[in-house]
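Subject: Structure handover

Dear colleague,

Here is the structure you are taking over. My notes on it follow below.

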Amino acid sequence: MNDELLDTYDVVVIGGGAAGLNGALLLARSRRSVVVIDAGAPRNAPAAGVHGLLGHDGLPPAELLERGREEVRRYGGHVVTGDVTTVIRNGSHFVVGLAEGGSPTARRILVTAGLVDELPDIPGLREGWGHDVLHCPYCHGWEVRDQRIGVLANGPRSVHQASLFRQLSDDVTYFTNGSPLTDNEVEQLAARSVRVVDGRLHSLERADHELRGARLEDGALIDLDAFAVMPHMVARARFLTELGLQLVPHPSGIGEYIPVDATGRTSAPGVWAAGNVTDIAAQVGASAAAAASAAQQINADLVAEDTAEAVAKYRART
């Protein structure tokens, strides 16, 4: 269900995941006019449940978001489906352009559009993403505990990822996929009894929608129940370029993000960001909490502006 899109809001929230909805909830409860613009492509849509979120562990992602939309609307907030293409500054306001048409203005912007997981081009990998092909041991590790888990070397954190999954299973296989290991990494994997398989990966073999194993280019098949891969994570924020905000490489080397200060402020005045768009490793709970904190900062900033305008009018009358 789409709400009617108004012309002007105090705050436009770009992104309708847990972060955006939680930020909008705090703003609506502060009696701010707020709209959440949701592109309808949540990152965790393939997952069966949200994990590690107190009171909601295992809840289907779609159900969590539906509850969030209902709560935002309960306090007068709006939620609409739309794809933001541009955000332009117009004096003291921002104009938000939508691919579907419409261009609401706002006094402040909260960006919670999340990120895109860019996966290696390996046949069979995308088909299992969010089910038996995973990246986060904290999100889905319990569900594959004690299973045969493969880990793909495809970034600077891959050995660390293998160590995390080794906490969950005694049967972990590390696929170098042609990437060299340092002596220290070889020692770490050997010390934790992680099997190392050299050679390049050809594909993941699947049957009846389930992972069966990893096929190497030489034809060998390694039996597996789950497969871990670290995606390249890219923030959904290219619509901010006209405000001077650019994606920058994350210090960890695993993606690109929008930097913010401790309050969620970006370098563009009037624009805040929270969730995976700026913290690419954050789980649902951390993303929602960061957006709530940013929303408080946005409301305080608006209160300061409202007070300054009221004082100016008061002085003009006296």
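Where does histidine 209 lie? Histidine 209 is in the loop between strand S12 (201-207) and strand S13 (210-216). Helices (H or I, at least four residues) and strands (E, at least two) are DSSP runs, numbered from the N terminus.

Before the rest, the basis of these notes. This is a predicted model, in which local features need pLDDT of at least 70 and side-chain atom pairs count only at pLDDT 80 or more, while totals for chains, interfaces and linings use all residues. Residues are numbered from 1 along each chain as its sequence is written, and side-chain values use heavy atoms, with hydrogens and water left out.

The chain as a whole

The protein chain has six helices and 19 strands. Its C-alpha atoms fill a box of roughly 85 × 40 × 35 Å along the principal axes. Of its 318 residues, 47% count as buried (under 20% relative accessible area; exposed is over 50%, and partly exposed is in between, with a 1.4 Å probe and protein chains only). Among contacts (heavy atoms within 4.5 Å) with a separation of 6 or more, 57% are between residues 24 or more positions apart. The side chains include 28 positive and 40 negative ones, and the centres of the two sets lie 8 Å apart. In that count Lys and Arg are positive and Asp and Glu negative, without His and the chain ends; the place of a charge is NZ of Lys, CZ of Arg, CG of Asp or CD of Glu.

S12 and S13 run antiparallel and are joined by six bridges; two strands count as paired if DSSP finds at least two bridges between them. Leucine 204 has alanine 214 in S13 as its bridge partner. Two residues separate the strands of this hairpin, and aspartate 208 has a positive phi near 55 degrees. Histidine 209 also has a positive phi, of about 65 degrees, although it is not a glycine. Most residues other than glycine have a negative phi. At 78% relative accessibility, histidine 209 is exposed.

S13 is also joined to strand S14 (residues 221-223), antiparallel, by three bridges. Glycine 213 is paired there with aspartate 223 in S14. The S13-S14 hairpin has four residues between its strands, and glycine 219 in the turn has a positive phi of about 95 degrees.

Strand S6 and its partners

Seven of the seven residues of strand S6 (residues 105-111) are buried, so the strand is largely enclosed by the rest of the structure. Strand S1 (residues 8-14) pairs with S6 in the parallel sense over six bridges, and valine 11 stands opposite arginine 108 in S6. Strand S5 (residues 93-98) pairs with S6 in the antiparallel sense over two bridges; phenylalanine 94 has alanine 106 in S6 as its bridge partner. The hairpin of S5 and S6 has six residues between the strands, and glycine 101 takes a positive phi near 100 degrees there.

Alanine 281 is exposed, with a relative accessible area of 60%. Alanine 281 and cysteine 136 are 145 residues apart in sequence, but 8.9 Å apart in space, C-alpha to C-alpha.

The four-stranded sheet

Four strands form an open sheet of mixed pairing, in the order S7-S16-S18-S17. Strand S7 (115-118) and strand S17 (248-249) are at the edges with a single partner strand each, so one side of each has no neighbour in the sheet. S7 and strand S16 (residues 232-235) run antiparallel and are joined by four bridges; one of the pairs is glutamate 118 with histidine 232 in S16.

In helix H4 (residues 158-166), the buried residues include Val159, Ala162, Phe165 and Arg166. The buried residues of H4 fall within an arc of 155 degrees seen down the axis, so they line one face of the helix; the arc is that of the directions from the helix axis to the C-beta atoms. Their cover includes strand S10 (172-175) and helix H5 (183-191).

Asparagine 177 is in the loop between S10 and H5. Asparagine 177 is buried at 15% relative accessible area, and its phi is positive, near 55 degrees.

Regards
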